[in-house]
Amino acid sequence: MIPRAQHDRMANAIRALAMDAVEQAKSGHPGLPMGAADVATVLFTRFLKFDPADLAWPDRDRFVLSAGHGSMLIYALLHLLGSEAVTLDEIRRFRQLGSKTPGHPENFITPGVETTTGPLGQGLANAVGMAIAERHLAALFGGGIVDHRTYVLASDGDLMEGISQEAIALAGHLKLNKLIVLFDDNGISIDGPLSLADSVDQVKRFEAAGWAASRVNGHDPQAIARAIEQAQSSDRPSMIACRTTIGYGAPTKAGSEKSHGAALGAEEVAGARQKLGWTSPAFEVPADIRELWRAAGQRSVEARRAWRQRVEALDAKTCGEFERRMRGDIPNDKLAAAVASLKEKLAAAPKDMATRSASEFALDALVPAIPEMIGGSADLTGSNNTRPKGMAVLSAADPAGRFIHYGVREHGMAAAMNGMALHRGVIPYSGTFLVFTDYCRPSIRLAALMGERVIHVMTHDSIGLGEDGPTHQPVEHLAALRAIPNLNVFRPCDAVETVECWQLALEAAKTPSILALTRQNVPQLRKGVDATNRCAAGAYELLPAEGEAQVSLFASGSEVALAVEARKLLAERGIPARVVSVPCFELFFAAPAATRRAVIGDAKVRVGVEAAVRQGWDAIIGTDGEFVGMSSFGASAPAKDLFKHFGITAEKIAEAALTKLGKR
Ligand SMILES: Cc1ncc(C[n+]2csc(CCOP(=O)(O)OP(=O)(O)O)c2C)c(N)n1
């Protein structure tokens, strides 16, 4: 047990570094690190299992600072514990370009930061995914290899965000008892006291979701430690509401929103130093306190060594498999073999089917071949076709299962998937309707920012879903998703392309993918066996023109078949036209300019076809290109009536080309 006076000085080191760094940067959030310093000191000096020499140790405890604005808390901790990356210089360069200490924690910049946080609620929901991955992998590889906890520091803002409800409900349902949330219960947010906007009893709320929940004085190290000990032996996830004072130590700003998000000012910092009894100058930590923190950083060195020995004592196959999965290497041979066999089957017996069914057909082979794939759906399993036959459900009772019923919780699902991917060892894929990417977008964006392999199977991808009408018919969604950097949006046109797009999504280790799939049947347009993955080009000539092309027809998904028909109509009018399938804008735009020029071709007229808005298509068809698609919301009717009503037909495509050629 650490004597109280010693604890206080260790916590004050965090407070001082946070104040000084924010002061130097002239921006940042001193209030949270100062308020939560006691909680963090207890957690990191007594409980958290980690080794600063190997911050990526697979069996480390995960610590998620969900309230990412308090980033100086984690930077101070990493620095004091002996991280090589977060030097004092980096603390001095808080929030500056190229530093290891950006404004909000970024997992791809700072070793030891488990996930990028800042958008409130996300970190908490990521942590649920991390705890799911831990539970699953522990069931597969045993507690000797996988046995760690996931801790979260969450603020009022985290708990006010709607996503937190989805996350805690899922965690409670799955009985993720190694998930422990430390709630920085300071009763203050940006506008002022929480009472301005919130009167939820968070303890009761968590209890109602199946959690163990308690309240402690967040400045009493013994009380915090006892609560964490209790949480560690709980059969349910735990929430500890730690009552803290934001900006603890600041003479006039503590306990007020004034300490939340701005430098305290020289006078206040001097006052805080006095109040805390911290006599060191800015950015200086006394040697004895440094020593104590360094020693705390060494607590798990032996545990890591023992763990390493247990991994090495595994039989070679299990050891290799565990390490492969944690590295994130997919079994390329098995993937290639599964894809080849699927394509051969489709070539031998071409199938007209919805691309969502083609995705299930692909999953039938991919799921057995790639054991790290963990599927799911937000209560649309039968519509998303994400659960191939025989895939067991991952539940509290059977954590070795591989399919998650996420419930009607798209946002929580997408964030949990990010956490699963960040944990490593699993590749999450799941589904909902494409229109509900709106309900997942903040998490999809973060997956793209972090460069995580998560795969979203988004079905019912256009007015082609028919009768459910405009609330369910995506119109602007493809364009909106394509606007997100580092996100591959796939819209395959048939079963063969669907298999190829699945392969590309699985191979993209640092890029999330959306598979936009149809509800309605589409013909199989790719008949022969292609050894290569043609979708990898992003766009390719599916059918050449018969003669010198006067028209290039570019289309994605279900509209490629319409372009093929339009080509026939144009041929009847003596106009040679080619058809280019465009399953993935992003891959196409990443191709060298000469390749792009060759695919775009030099036909006089270019027509783009997609049952969605035009935005984005000009990069392919040019501003003077013709576009056949949507410019309004859809409507409720059978699909074939809708395509006719909105003018997305072979005849209209041909007409557009003819008009442009001056032949009508
Ligand atoms: C989704 C989202 N909305 C808004 C913000 C802007 N923001 C940052 S912190 C914060 C609330 C601060 O209150 P709290 O979470 O209690 O943190 P504390 O003041 O205790 O540090 C807000 C609204 C954000 N980061 N994320």
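Me: Where is Ile91 found?
Reply: Ile91 sits in helix H4, residues 88-92. Helices here are DSSP runs of type H or I with at least four residues, strands are E runs of at least two, and both are numbered from the N terminus. This is a predicted model, where local features need pLDDT of at least 70 and side-chain atom pairs pLDDT 80 or more, while totals for chains, interfaces and linings use all residues. Residues are numbered from 1 along each chain as its sequence is written, and side-chain values use heavy atoms, with hydrogens and water left out.

Me: Why is Ile91 called buried?
Reply: Its relative accessible area is 0%. Buried means under 20%, exposed over 50%, and partly exposed in between, with a 1.4 Å probe and protein chains only. Ile91 is therefore buried.

Me: What is Ile91 in contact with, leaving aside neighbours within four places in sequence?
Reply: With that exclusion, Ile91 is in contact with Leu17, Ala21, Met72, Tyr75, Ala76, His79, Val86, Thr101 and Phe283. Contact means heavy atoms within 4.5 Å. For a sense of scale, Ile91 and Gly320 are 229 residues apart in sequence and 39 Å apart in space, C-alpha to C-alpha.

Me: How do you know whether Leu174 is buried or exposed?
Reply: Leu174 has 5% relative accessibility, so it counts as buried. Its place is the loop between H7 and E3, where it touches Ile132, Arg135, Leu394, Ser395 and Ala396, not counting residues up to four places away in sequence.

Me: And Lys175, why is that residue called partly exposed?
Reply: The value for Lys175 is 45%, so this residue falls in the partly exposed class. Lys175 lies in the loop between helix H7 (162-173) and strand E3 (179-185). Its phi is near 55°, a positive value in a residue other than glycine.

Me: Which other residue has a positive phi although it is not a glycine?
Reply: Arg424 does, at about 80°. This residue is in the loop between helix H17 (410-423) and strand E11 (427-433). With a relative accessible area of 32%, Arg424 counts as partly exposed.

Me: What makes the pair of Glu452 and Arg424 a polar contact?
Reply: Their side chains approach to 2.9 Å. A polar contact is a pair of N or O atoms within 3.5 Å; within protein, one must be able to donate a hydrogen and the other to accept it, and residues adjacent in sequence count only if both atoms are side-chain atoms. Glu452 itself lies in the loop between helix H18 (441-450) and strand E12 (455-459).

Me: Why is Glu452 called buried?
Reply: Because its relative accessible area is 2%, Glu452 is buried. Leaving aside neighbours within four places, its contacts include Asn107, Ala421, Ala447 and Lys510.

Me: What makes a set of residues a nonpolar core?
Reply: The members are buried Ala, Val, Leu, Ile, Met, Phe, Trp, Tyr and Cys residues joined through side-chain atoms within 4.5 Å. The largest such core has 71 residues, and Trp502, Val551, Leu553 and Ile648 have the most contacts inside it. Helix H20 (residues 495-507) gives the most to this core, with eight residues. Apart from it lies another core, of 59 residues, among them Ile14, Val42, Leu55 and Phe63. In soluble globular proteins, nonpolar side chains tend to be buried together.

Me: Which residues come nearest to the ligand?
Reply: Of the 15 residues around the ligand, these are His69, Ser155, Gly157, Asn186 and His260. A residue is near a molecule if one of its heavy atoms lies within 4 Å of it. Helix H6 (156-160) and strand E4 (188-189) each supply at least two residues of this shell.
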